[in-house]
Amino acid sequence: MPEQQLLDAEKGQAPVIGPGHTFATVTDKISSVVLTQRQPLMWFATLSTAFLLTMLLLLAVTVLFAKGTGIWGINMPVAWGFAITNFVWWIGIGHAGTLISAILLLLNQPWRNSINRFAEAMTIFAVACAGLFPILHLGRPWLFYWLIPYPNTMGVQPQFRSPLVWDVFAVTTYATVSVLFWFVGLLPDLATLRDRSQTRLGQMFYGMLAMGWRGSARHWRQHEVASLLLAGLATPLVLSVHTVVSFDFTIAILPGWHSTIFPPYFVAGAIYSGFAMVLVLAIPLRAAYGLGDLITMRHLDNSAKVMLGTGLIVAYSYLMEAFMAWYSGVGVEKFLMLNRMTGPYAEQFWMLVSCNIVIIQLLWFRKVRQNTLALFGISIVVLIGMWLERYVIIVTSLHRDFLPSSWGMFHPTRWDWATYTGTIGLFLLLFFLFVRLLPMISIFEVRTLLPEARVKEETRA
Amino acid sequence: MPQIFHRSTNTISRVSIFGAVFALAVVGWALSSLDRSSYATRANTPREQPVAFSHAHHVGDEGFDCRYCHTSVETSSFAGLPSTEICMNCHSQIWADSPELAPVRDSFRTGQSIRWTRVHDLPDFVYFNHSIHVKQGVGCTTCHGPVDKMPLTWQHASLHMEWCLDCHRQPERYVRPRDQVFSVTYQPPPDQLELGRKLVKEYNIQSLTSCSTCHR
């Protein structure tokens, strides 16, 4: 790896931006991906695969609408199955984007400038995939708007004591704030693309999206204020959205769900899987587009460290779950834990433990963190592990509850798999269209990382 | 570099952004009004019937009690449609040769019921019981409107769930004394709320708004 030679002499860390860049080269490099450069083979390959998977999703959803949720493996007692597993998984993945764009902005972590744009895009597309599942899971999905309070002829409002309604508010707020934050951040770059575009179509497209951005001092000032305000709005969402999602479980009295540890444990798990997705997207992107000098080893290293940290919190939570099951002295709780470890879904449980706790320990080693291939592999493993975690929580709790007479099993059908892989396709399709059409790295924010920007500030001060 | 957009774009974009908000609000308002209009609920529209039966004549002019024809209203969920025999009690004597009443005589002769067009048709997922409403002081005209003024019968209320709940949530606004339930000329007194509260207590009327009260 050539990046390893780029270590900062003082800190022993890779720099956040490769040497030799100036304002002009940064703008050239990022905007050329959209405007002039031929797309690499990887782009065509991923986009066509993603397109096929999206078609599979369309097919699965059409069959679902025609025949109903009976095409899935769900039934009593396991009525949640894949749909809710996927919902929690996707919404969790989104959290890393918001953490990077909002919390790291407020914490003044400039290294986030190179990865916030595509991480935010990841958030939006993940939330879009997540939002599909609760609606698809409804028996009559065309009546989904009943979840929203509006003056209806039935004279009733949604049940505000139900966490499922809180979910609607949490997720729609999250989607709205994320889209706004993303779009506001894009404005100056859209104007750059408008000004550099050589075709009439490009000028019109980026011109309309840029909303008349001229880069005046007043524009910049208002942009700064708006960004900070939106970051302030988005910051609590990083913690609150997955907390509310965890309420879907904790408010129920089912063993394995009814636990106060869930909110922090879910938030940590969300950021954990989110950073895994950031790495899964960043590593191939920087290789295919030659962006190693903008998304440096420093970014990969930092993301891996966040993954390790949140992974340890998740491991601690698993341990506490097991401890509390024993310490509570409640029979059903103890049975649930034993059943998780040795019951019919023991295989999935031990797979999740090895994915989420064991394999992640490799990240303690700098050698592993500096190896992009290993990082990519570990991130995929974490994504699988976090999906299994939600699957195990949902299925093992539901399939053996208080009444042995109502015990049952859940077996996914091929439509379960088709819907799930279909949303992965939709996510990748949206993401790679984004890479093609919009600057995947924030041009104006990366420019502030350059020595040129810093020198000016210092001389003025 | 030449300008990409014409100067008018400024105005167009401003108008379209604010216009979109306004347009969405108008669409929402229009949909909600349409949903409640008599076009959607079919309220206030007289229905065609096989025999042009007039409540205005029978109830308004002649002063029939509702229960003369709707015999099971006090004991059953269904108020009951009169059998042809009830019609023929009078119409074997008066208007006995009227061509208007030919379907009634045919029905009497053949034993085939007259196929009336239903005016108040609740969805099948709603359980409704006439007898309990009548017993608890809900007047016929409270829901069915001034039938004594309907030449052909029409649906008076929207039959929307919000309309049911309007009374179920605050029954004191509508209940009347039991001896006034079948009166078509009864007007609520000015102190309806006071009387209503008294009656709610006296008749032990519960405000039943649980889902399973009606959706069983």
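Select chain B to begin: of its 216 residues, 13% count as buried, meaning that 20 or more other C-beta atoms, placed from the backbone, lie within 10 Å of a residue's own. Keep in mind that this is a predicted model, where local features need pLDDT of at least 70, side-chain atom pairs count only at pLDDT 80 or more, and totals for chains, interfaces and linings use all residues. Residues are numbered from 1 along each chain as its sequence is written, and chains are lettered from A in the order in which they are written.

Now switch to cartoon. Chain B has eleven helices and zero strands (DSSP runs, H or I of at least four residues for helices, E of at least two for strands, numbered from the N terminus).

Next, select the residues of chain B that touch chain A. Ten residues come from chain B and eight from chain A, contact being C-beta atoms within 7 Å. On the chain B side, α1 (8–36) and α9 (161–169) each give two or more residues, and α9(B) has the largest share, with four.

Over to chain A: pick A:Ile91, A:Met122, A:Ala126 and A:Val278. These have the most contacts inside the largest nonpolar core, which has 128 residues; such a core is a set of buried Ala, Val, Leu, Ile, Met, Phe, Trp, Tyr and Cys residues joined through C-beta atoms within 7 Å. Helix α8 (residues 262–289) of chain A supplies its largest share, 18 residues.

Last stop: another core lies apart from that one, with six residues, including B:Ala79 and B:Cys140.

Conventions: Contact = placed C-beta atoms within 7 Å. Buried ≥ 20, exposed ≤ 12 C-beta atoms within 10 Å, placed from the backbone.
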